[in-house]
Amino acid sequence: MIGIFIGIAAVVALISIGQGMQNAINEEFSKAGADRLTIQPAGGFAGAYVSEKLYQSDVDVVNRVKSVDFAVGVIIQTGRVKYKGETEGASIFGIGSDEETRRFIENVDFFLVEEGRQFKSIDNNVAILGSNVAADRFDREILLGEKITVENKEFKVIGIQKKSGSPMHDNMVRITIESAQELFDLEKTEEVSMIFAKVKPGINPSVAAEDVRKALRKDHNVKEGQEDFVVVTAEQMIEGFNNILLVVQVVLVGIAAISLIVGGIGITNTMYTSVVERTREIGIMKSVGAKNGDIISIFLMESAMLGFFGGILGIVIGLSVSKAVEIMAVSAGVNVLKAYFGFELVAGALIFSMVVGTISGALPAKSAARMNPVDALRSVM
Amino acid sequence: MKKEKPIIELNDVKKIYRMGEVDVPALNGVSLKIKQGEFIAIMGPSGSGKSTLMNMVGCLDVPTEGKIFLDGKDISKMSESGLAQIRGKKIGFVFQKFNLLSTLTALENVTMPMMFQNVDENVRRKKGVELLNLVGLEKRSSHKPSELSGGQQQRVAIARSLANDPEVILADEPTGNLDTKTGRDIMVMLKKLHNDGKTIIMVTHDPDVGKHAKRIVLIKDGMVVSNHKE
Ligand SMILES: Nc1ncnc2c1ncn2[C@@H]1O[C@H](COP(=O)(O)OP(=O)(O)O)[C@@H](O)[C@H]1O
Ligand SMILES: [Mg+2]
């Protein structure tokens, strides 16, 4: 019974967390908009170290593609943020402050400002904070107009972003691309971490993505299949994430399945013990007319009940664990983890645990039914 | 005596138990005819095969050789579910050790055999209460066996043996675990059942108990050595 409830708890917690994560990620990407393309250096993902690089010149190439409405290069780096003597890590996000970029930004939920304002083209040494950075990361809340230090430079906080639910964006410090270049020594190379592009209305994003690929291949002088960059549509991004999640879930559910098997074996053991302890009872029932089938049903019912109670316990514990993980994740600034509580999950887990219980009880029940009544009655147990 | 077809007939029944390498013969060719409504005592020394004989007649076990007819049907070659069916409907057992289920109340013990015959819950209850009444335990219906005296437990067992209105009551040393006075009460009850028309086969090694029966079959070393009416 211990095994089964651990197993069910694990399954329930994993599905709850996994499903919640998937829901959150899907929501996140739908916020980013379906008409968005992301262009990254090949071989890496969002700021991870890669040898291939993208430059401001690539942004210009993308901007010239017909099916692209607008493209912007951004710098994403991790940096130390200091506020009132306290230092915390955050992702530093450098993005243009020109009119066009601002219009682009205003259409993306992640970049909405709740207090203060967005960048203006004349802005210098100003920062816009993700909601977590402003409210939670430091002992004291950072207020509009206050100063923070990023790496070694002082920035004035001119805006605080609306909470987006995206951990990446809620934990970012947004500065102008010029400041970012200066901060991370990228002025000369004009290197960018990533390019965001908006597809022209009415054009299929994957067609636009192919156009961008063509243009960059031509510019970089590389053949198809040897690109030093990756162009991803929002849809592919969601798919990619979901695939990763699926793999993670499958692996974790596999682990849970093993504990369920162990739990099942536990029930089998319990039932065998029970059969032995009740040998005499079996003999008595047979002597008053119980058929083998009756004995089997009695013991199967019992093991199904064991599974059922193990399942209830497992569901309660599993959901508590996933809720706890969610609370812990939120307090650590990760909002992607939302525990999922669905009726199907609870009902499915209950049925599943009863099935496991029944299957586990099958062999003991059979051995109970096969007992010879005389021997069973003579048993001293 | 009227000439009627026997309700039970044993034809050269042998039972050999295998204990590892050795064969232990428990019954060495027993032939016996029992008519409807008889009250028979099977007597003999311990280990002579009395219980083995009872178990064969009661369909708890099958003979190694020979045939047993119950109501004219050969039960020695029946399937397990067929035997279970006979045990449930035609036979009522009363054991020396009472053999009640300790987790069930007196009433539940009495109604249990009806459950295996899929008798309706209300009918079961009504019949169970009736039977407890019959054995004078109506006030103890919700007691567990552990809360009852030995005599009371055996009365519950007798009530249980009657649950499905069997034709035959098999009582294996029904007074073996009881003091003389309580044993006498049980014998009064069995005699009453006999007067009501039940066929009763009782095992005992106590001559005082055996004399209540109308016929005594003496068994020794797995064989019938005498078979006479009182
Ligand atoms: N299940 C069994 N396995 C092996 N030997 C048995 C079994 N049942 C009975 N016997 C043996 O068969 C013989 C007759 O036993 P039983 O019928 O119980 O005698 P009684 O009831 O007359 O005392 C004894 O020697 C006993 O040890
Ligand atoms: Mg005996």
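I began with one pair of residues: B:Arg215 has B:Lys229 as its bridge partner in E10(B). The model is a predicted one.

**Entry 1**

Strand E9 of chain B covers residues 215–220, and it pairs with E10(B) in the antiparallel sense. I noted 6 bridges between them. I looked up another bridge along the way: B:Leu218 has B:Ser226 as its partner in E10(B). Then I turned to the hairpin itself. There are 2 residues between the strands. B:Asp221 takes a positive phi there, near 50°.

**Entry 2: the sheet of six strands**

I asked where E9 and E10 sit in their sheet. The sheet is open, has 6 strands and runs in the order E6-E7-E8-E3-E9-E10 in chain B. Its pairing is mixed. Which strands of chain B stand at the edges? They are E6 (91–94) and E10 (223–229). Each has a single partner strand, so one side of each is left without a neighbour in the sheet. On average, neighbouring strands are turned by 15° against each other, direction ignored.

**Entry 3: helices on that sheet**

I looked for helices next. Helix H5 of chain B, residues 150–161, lies across E6 and strand E7 (168–172). Helix H5 runs at about 170° to E6(B). Helix H6 of chain B, residues 180–195, packs on the sheet as well. H6 touches strand E3 (39–43), E7 and strand E8 (199–203) of chain B. The direction of H6 makes about 150° with that of E8(B).

**Entry 4: the sheet of four strands**

I moved to another sheet in chain B. Here 4 strands form an open sheet in the order E2-E1-E4-E5. The pairing is antiparallel. The edge strands are E2 (22–35) and E5 (73–74) of chain B, and each pairs on one side only. E4(B) and E5(B) pair in the antiparallel sense over 2 bridges. B:Lys73 in E5(B) stands opposite B:Leu70. Helix H1 of chain B, residues 50–57, lies across E1, E2 and E4, at about 120° to E1(B).

**Entry 5: salt bridges**

I looked up the total: 26 salt bridges over all chains. One of them joins the side chains of B:Lys14 and B:Glu65, at 4.0 Å from N to O. B:Lys14 is in strand E1 (residues 6–19) of chain B, and B:Glu65 is in strand E4 (residues 65–70). The two residues are 51 residues apart, so I noted a link between distant parts of the chain.

**Entry 6: where chain B meets chain A**

How many residues does each chain bring to the contact? Chain B brings 20 residues and chain A brings 17 residues. Together the two chains bury about 1700 Å², with 61% of it on carbon and sulfur atoms. I found 1 salt bridge between them. B:Glu80 forms it with A:Lys286, and the closest N and O atoms are 4.0 Å apart. I also noted 3 residue pairs in polar contact across the interface.

Which elements of chain B give two or more residues to the side that touches chain A? They are helix H2 (80–89) and helix H3 (106–115). H2(B) gives the most, with 6 residues.

Key: Residues are numbered from 1 along each chain as its sequence is written. Chains are lettered from A and ligands numbered from 1 in the order in which they are written. This is a predicted model: local features need pLDDT of at least 70, side-chain atom pairs count only at pLDDT 80 or more; totals for chains, interfaces and linings use all residues. Side-chain values use heavy atoms; hydrogens and water are left out. Two strands pair if DSSP finds at least two bridges between them. Axes are lines fitted to C-alpha atoms, for helices over the stretch in contact, and angles run from 0 to 180 degrees between N-to-C directions. Contact means heavy atoms within 4.5 Å. Buried area is the accessible area (1.4 Å probe) that two parts lose on being put together, summed over both. A polar contact is a pair of N or O atoms within 3.5 Å; within protein, one must be able to donate a hydrogen and the other to accept it, and residues adjacent in sequence count only if both atoms are side-chain atoms.
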